[in-house]
Structures are given as C-alpha cells and as structure tokens.
Amino acid sequence: MRSSPGSGGGLRAVDEDGNAVFNGPAGQMWDSAGDTSSGVEPQLMRSASAEEGPTAAGQEDSAQPGAGDASAVLPVQVENGSVTVKPDLGLLRGTDTVYPVYIDPPVGLGRSERTKISSDGDRFWQFNGDLGVGRCGSADGYYCGDNYIDRMLFEFGPGKLSGKHVLDATFRAYETWSFNCDAKWLNLVRTNNISEGTRWPGPKTIDHMGDRLVSAGRGDLCSPDQPDRWVEFNDDPAQPEENLTSTVRAFADGKFQRLTLMLWAKDEDDPRAWKRFDDNAELQVTYAHKPGVPTNVGLIPGDGNVAYCEKSSTKPLTVTRLDPMVQARVQTKVQPVSGENKPALQAEFVVQNKHADGTWATAWTDFRPRDSGWAPDGELQRMRTNDRADGGVYRYRARTQSHWSYDGKSGDLYSPYSSWCYFNVDSTAPKVPQIISNGPYEPCLTNDCPGLGGPGTRGSFTFKPNAADKDITSYEWQLIAGSTGKATRVSGTSPTVSVTPQLGGTQVLSVTAIDVRNRTGPPAEFIFKVAPPPGESGRWHFDDATRDAGARSAQDTATVGSRHPAALTNAGVGWSTMARQGDADQSLWLNDTTNAEQQTGHAVTSSPAIITKDSYTVSAWAYLTDADDTRVVLSQSSGTLGQALSLSYSPGDRRWGFSRSGTDSNSPAWIRSPSDQPATLNVWTHLVGVFKTEGDDGLPDTDPKNDTVQLFVNGRPQGEPINLYAKSSTYQPWTASGGLTFGRSPGGQYFHGRVDEVAVWQYALTQEDIVQEARSLNVDGMPTNELVAQWDATSATGTEIVERTSYPRPAMKLSGTGAVINEEDNGLTLDGTSGYASATGPMVDESGSFTVSASVQLESGKLADKPVGYQAQVAGQRAGGESSWALWVVKPADGVYQWKFTRTAVGSDGKVTQSAEVPGGDIAETDTWVQVTGVFDAQAETGPGRLHLYVGQDSQLETETDVFTEPQQGSGELAMGRGTTGGSTGHYLLANLGDLRIWTGAMNSEQIRSQVMADPDAT
C-alpha cells in the first residue's frame, strides 16, 4: 500500500491496483470557541428510551468542529513517502482563538463511502454515528446551530450485483432525531460520485429517487411515540418520477461504476425540517440471476458422446441420424457464490433449415429440462430433435433462460444466442470408422483410464472403414478437447498415422471417413489419457525477502530432482516490489542504477540446474531498462566463454535471442534463435528458450544433426526451430558444468532491470505448455497481473497528471488548450476540440497480454452537438498512423453512444495489416462516471489474441471481430482524449476523465470486479 495525494488537498492510501483503500479529506483545525457560546436553549431533550443506540441529537463530537468553533482547512502534503499536515498559524495564534485547539486529518475506509457536507464549509468524511440533514438553526425556542445547512451522501460499489437483474430496490436510512414532532419532507436524489474532496453544495444532481414525509427519533416526547426507525425509499407506482429500482438496475447492469445517493431536506429554509441520521444507510435489492450464453453447444452426429459445432456454413457437420442429439450447458452471466439463492435455468434449442432460395426458417425448437422444471448453473442439457429431412441443410443454436417470481409476479430472462452450428443430414454418408491404437496409448474404459506417454510423445494409430462401407478413400483426423480443431487429411483405405498430443490429460482423437464422392460421415472417437509431464526441475520466484531485508539467497521451490538455491553476488543485486505477479510478489533487481560500482550484480546456483547436453527448456520474465550493451537474462557455462544456454538481449539487432555455442571453448561458433520483433524497454516480457535433441519422430536419440534451439516470446514461437548442426558443422552437444547464472554471462555481460519467475525443465516443452507458462498462473490457477501505470486526474493539480506507481513512468502533460484539471468535479475536463493529455509510451509489451481501464463521464448536453459518426478516443497507444490499442466512444445515432475496444497492426509501410474490435453491447450511460476496461488476452484459452470489453464489471458480448493475432507493438504518444487512425491524429474526446490504469496480464471477469472495480465482495 502506498500514499498519494487525494482530491481537494486530501490523502489516499491505494492498493496494488491503484484503488483507494483508505482516504480522507484535507485536515481540519478548530478551536473551542463553541464551547463557551450561549443563547437559545439547545435542543438536547430525549427520552431515556430514545437515547439508547446512536448518539443523542445535539451531542457534539469532539473529533469534529462544533457550532461556534473557528475552523480552518489544512491540505495534506504527500512527498517522498511522508505525509505532512501544517497547522494554520493564524488560527493557532489568533487573539480570538479559544483553547484547546484540535488538529485532525480524518481517514476512512474507502470501499463504500459516505460524507456529510455543510454550508459553513465543514466536511465529515466517513463519519461515524449520527449527523444532521437540513437547516441547523433556531425555531420555536430551540437551538440547533449557527443556521448552516447539512446534506448527507452515501456511495455504493456494485458489490454482488454483477450478473443480477434487479427486480426491486429499497434505500433505508436510520432516523435518530427530528427537530419537532411534525413530519417534514425528506428528499432522496442520485448525484455524481463523491470523494474525500467533496464540499458544499455537493456533486451535481442527476435524478430524483423519491421523497418521504417523516418524523422519528423523539421517542415519548411526541404523542404518539416516535422511536428511532428506518426511513425507506421504495418506488411508489403512483409517483412515476420515482425510479430507484430502474436506477439500481442500470447500476447492476454496469452502466455506471458507483451509485451515490443524497439525503436532503425538501425545505432547506425551515429549521424544523432538520433531522439526524445514522451512518448505517443501506441498499436492499431483490434480484434474479441473469442468464449467460450457454457453453458446450453442439451436436452429437451419430451415436457417440462428443458434441461438435462447425461454425462455417461452407463445411457443415455431417449427421447420419435423422434425429441428432443437441446439447448446451446452461450458464448464469456471473457464477453464483456460496449462500446466494440458486438460479432457475433452462436451455432453449433452435434448429433452422435452409430453403432453396438461401433463406433460413425455424424448423424445430424445444427446451430442457422439461419435466423436472429448472436446472442449476452449469448443468449440461441434451435432447434429440424430431426427425429431420434426409439431405437437408440445417443450423442449430441455443440460449439460456432464467426464470424468476417475486411479489406475485413472474417472468423470464434470456441470454444472447450462441453461435450457429451448421450441419446436414445424410443417412447414406460414410459410417463411423474404426480406430486401432498401435501404442503407447490405450483407450479409456469406464473405470480404467491409464495415463501413458506424455506431451510430445507420439502415438501410432491405424484407421479402417466401417464394415458397412466399401468405398472409403481417405480420412480426416484431429485431436479435440470438447470442440473442433484443425483437421488433418490422410489418404488410403487403412492408413497408419502418428499423433502427437501436446498436453497431458484426457484427449479425444476424432476420425471421420471420406468416400469416393468426397462425403464425410460422423466421427469415431478414441478417448485416451496422456500422462502429465514430470514438472519443472527448478523454479525461482524471488519473493524470498524485501529489498532491504538482507537476504542473499533465492530459493528454488520446484519439487522434481534436487534443489538449487541461487546466491546473490556482488553489489547491484537485490529484491524489487516491481514484480510480474502483482500484490505481494517480488522480483530480482539487477544493476538498475547509474552507480557504476553497483552494476556487476547477479545470482548463481552452486551446481548445474540442468544437463545441457539433453533437451531442456528455460523460462523467465524480463524487464529490461538499458539497451546499450548485451544484457544476459540466463546463462550456464563451464570455465570458458562458451555457453550451453544464453537467454539475452543483443544491441546489434535490438532483439531478444536464445543462443548456444557450438562447442565449449573461448572462441566458439554461436547459433541463435532471434525474436521476430525488436525488444521493448521498461516492460515485462516473457521469454522461453527450448533446446531439443529429439528428431521428427519425437524419440530420444544421440544424433546431433537433429538438435535445435528456438525462442518463444510471450508464448509465440519466433520463426522456425534453428538446426544447430546446419548452422555450424563443428557443433557438438556438450554439458555445461557451471551453475545457472541469473543476469550475467561468463564474459561479464550483465543484465540491467528485473528478472522474475524463472523456471527450467529437463525436457523440451510443447508450444501449448509454453503458452500456459506465459499466462503466469498463480497457485490457484488464476492468471496474474501487475499494475504498471496509473494516472489519476481526480487528485491532480496544475498542467500535468503525475504517474502513481513505482515504475519509472512520465507524467501526462496537458495540451495547451482544451484540457483543464477540474478540481471541483475531480477529473480532467476535455473540450472535444483540442484538449488531451499525453505521455511517451509504451507501458506494456503489446505482443503479450494486458489490461487497460479508464473512468469516463460523458455529458449528454455537450455531446448533442457532435454529429452522428463522431468517434473519440478515451485512451490509446499510438503505432505510426494508427492506435495500437484504444478505448473509444462512438455516436452511431442521435443521443446514442457506444463504447468499444480496438487493436490495430501496421506493417513497415504504415498500412494496416490487421484490426480487431469488440463493441459495447448496450447504449453508453451519460452524465455519470463509467469504468471502461479493455483486455487483450494473447494466450486466451479460446484461441490466441482475443479482445474483451467490460463496461463496469459486465463483460460485453464477444464477436467474430475480436480476434487479433499480429504481434503489434505501439510506441510514442500514449494519450488520454485523442487518437490516431488512418494516419491522422485527432478524434478529440468531449468528456471528463478520472483515471487511466494499465496492467501487464489479462484479467478475467472476477479480477475485473475485485481489482478494477475494487469490489471486496467479488472474491
């Protein structure tokens, strides 16, 4: 946790994701002048029963200024890790000052927030107990205060509302005192968000939520008795202007990021309307689970057990049964947590047939479960269609239905449909072929499924026709895991093929027969289990100690073989909190200093961590800060200058490389697998080097002519494997007898920056395994991330927005015109014509996974003048004449706005080579703060390079345009409020911006809720 300036001279303590955990306004200083005041009788009368519970009305809190006290605001100063509050000398030494004098910089927990503001300038951030609402003055011989007006605001995070459809909402505030026994009107309105800097008159009002005529808290001083009680605001059907439920529903839908409600007296001129309320206001919500798009959607084409979905209409799945089995797994939009009411779900199935004119029409629909009513989240539903026409062409899709009932009413919610699955019905097509295993893999039986072979170990299989087929000429086969993948065609009536699984676990070999008319039939399935690999033989997390704790050894936490701790050697090596896996993680800090006497730091194991003559894999996360010389991440050698492994950066071509010397000598030939793209400084990059001695058959051998090296960057192979013997005829595999060295070569070439999460394996990892390693999973199997940049305009002043992380990032400079830090509204106000803020990027390696998020407030009144087609960049990284990544807002129609997240790749000629986008599914909310988050998942489980967009904590619907596979890297201007497309820079944003945050690593929906939205209930 770190301290940073807050709004209005306040203070914030922020977590590792830039969210305020503790915060407070500018400090206050006040004297005791109010303690000596006299005049009208104070209203302190309460019955004994009424005085139980919250603080009695009129009882002043000594921790806050009271009526008559002279006070001053003291801005909190945050510099170099220290927090300073300087007293107001005029008040401290004033001739009218009454001692004692109090100084208090209040700090409160910042997830759900509250404040009371007064027209006399006092602010009560995160107050405790009960405070007033209305005019605090004098009436009917009773005295409250010096005629100031109080308003009370409560702000809520989305909490557990994500994925819920709100049926009813009630806001409750606990009234503890009224000025007299007559009921007075109390208003509830929705406002813009609050912060520790919020002051009178408070944020802009957005909408009226309701009003109530109430009086409570005076106990038996009234007749009948008026005890403390909850005042509830719930929509009155007779009052159409009351819309609390619809507002909370929009809040749950993620259309805006925080919900702020303000209590205020309808008549603020009447001191008799003054009331006190406790700090425990709450929002009660009745909801139904929103349905999510079903998963595992497909058809079982014959009598097997595996479902298939061909998404291409030009190559439909062939079904030989007239009544194929369809399936879908029902889902909620957000998985229910323990203790929540269970959803009531059904799967709705739809089949359409294709007419001769090319149009489609619904041919069959049904749903499951039928007789048993409703299914829980995640249950697979299957059923057979009625008979389809032989020779017909069809398509199938499904959606989830969620049923609710409440207060005598009931209804249904529907998810979007899944993608279409195309199929045709041909009862005369080839039948299911035979699959015969020649070893080492065996078919899984009901209670016997042995794990054999391993990733990269080939299996031999022979395919034969079904006994009913006499004209089979070829086959198509593929390895699948519940979904179709790339198929391989092989000719012959009974061919034998080699199949190489890339991952451990249960696999399905799917084979279809093809006849002389080139017709395919339903697949046969051979289910077998691949033994898992033995695991890494060394892993160093570098989270052994803090940088100044004095620990000088990095522990090896692997479990295979013996352990190899690495000793930190020389000055210039230590620990850093700038680390790849985020909160509580640390990395190895290496020579990142201008002090030449501290630039020989490295770490080394006392003995070899791997046998370099045999196949091996090395992996590391590298953060390079200096590119002036060769920078070695990992090396292992003997007593010569030769290296049996070298993972390093070369200044000659400015690229990463994985190298090996042909011999163990001082002047060896070097063979190198270079990266496809230049290295990027000051970003986290995942590097893997693979040395493989096996040939194409995957079997161990001693022939050096098979040996290859290959570099992988962020899970992507860099070129083809480099054959060592082909590059150097003197090459011979050799064993390096020295220890594994981190950050240094035998020739004294040192790494500058940070290295993290190093691992080694005594075998060649498959590409699929390397992709998994690049996802940087934690012990719970969750992908990790690290906040690497944050610009918070809500706490900025002047003409720049300071970057708040520990990474060396520049401030965002405001443009000369059109951009203003608005301290009243806590944000950066942009005019949509010339205003923006910018710094020099990039902040992440964009060929890897990353997450970007910005808080934005669109103002509908101002945007109304923008033409239809208006497109503005919220934030983005330039790449030549385009934006490598960007968050946008577009205006497709009058009064309609939409968010989107894009990626664009450009070639060396500046022309666009690939683009991808994911648009918002709903109309963007205006006149309120909205959190918009883009995620690029370079190693997505559904395929490489997927874009995701979140509005609030809600994921927007995936589309066919969200795939981006180019290893694009932006550079130059990183901007908030303007962007570059088609070689032109402009697209100015007319809005208010709160902050911009960037993480390395792709967040999932749960992490969006807990880290971006700062929702403590998300986990």
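Analyst: Cys222 is buried, with a relative accessibility of 6%; buried means under 20% relative accessible area, exposed over 50%, and partly exposed in between, using a 1.4 Å probe and protein chains only. Its partner is Cys181, and the sulfur atoms of this disulfide are 1.8 Å apart. Here a disulfide is a pair of cysteine sulfur atoms within 2.5 Å. Cys181 is partly exposed, at 28% relative accessible area. Because the torsion about the S-S bond of Cys181 and Cys222 is about -90°, this disulfide is left-handed. Cys181 sits in the loop between strand 15 (164–178) and strand 16 (184–191), while Cys222 sits in the loop between strand 17 (205–214) and strand 18 (229–234), so the pair ties together parts that are 41 residues apart in sequence. Strands are DSSP runs of E with at least two residues, and helices are runs of H or I with at least four, each numbered from the N terminus.

A word on what you are looking at: this is a predicted model, in which local features need pLDDT of at least 70 and side-chain atom pairs count only at pLDDT 80 or more, whereas totals for chains, interfaces and linings use all residues. Residues are numbered from 1 along each chain as its sequence is written, and side-chain values use heavy atoms, with hydrogens and water left out.

Now to another pair. Cys309 and Cys421 form a disulfide with their sulfur atoms 2.0 Å apart. The torsion about their S-S bond is about -95°, so this disulfide is left-handed. It links distant parts of the chain, 112 residues apart: Cys309 is in the loop between strand 22 (291–300) and strand 23 (317–319), and Cys421 is in strand 30 (residues 421–425). Both Cys309 and Cys421 are buried.

Next come Cys444 and Cys449, joined by a disulfide with an S to S distance of 1.8 Å. Cys444 is partly exposed, at 22% relative accessibility, and Cys449 is partly exposed too, with a relative accessible area of 27%.

Finally, the overall picture. The count comes to 4 disulfides. If you number the bonded cysteines of the protein chain in sequence order, they pair as 1-2, 3-4, 5-6, 7-8.
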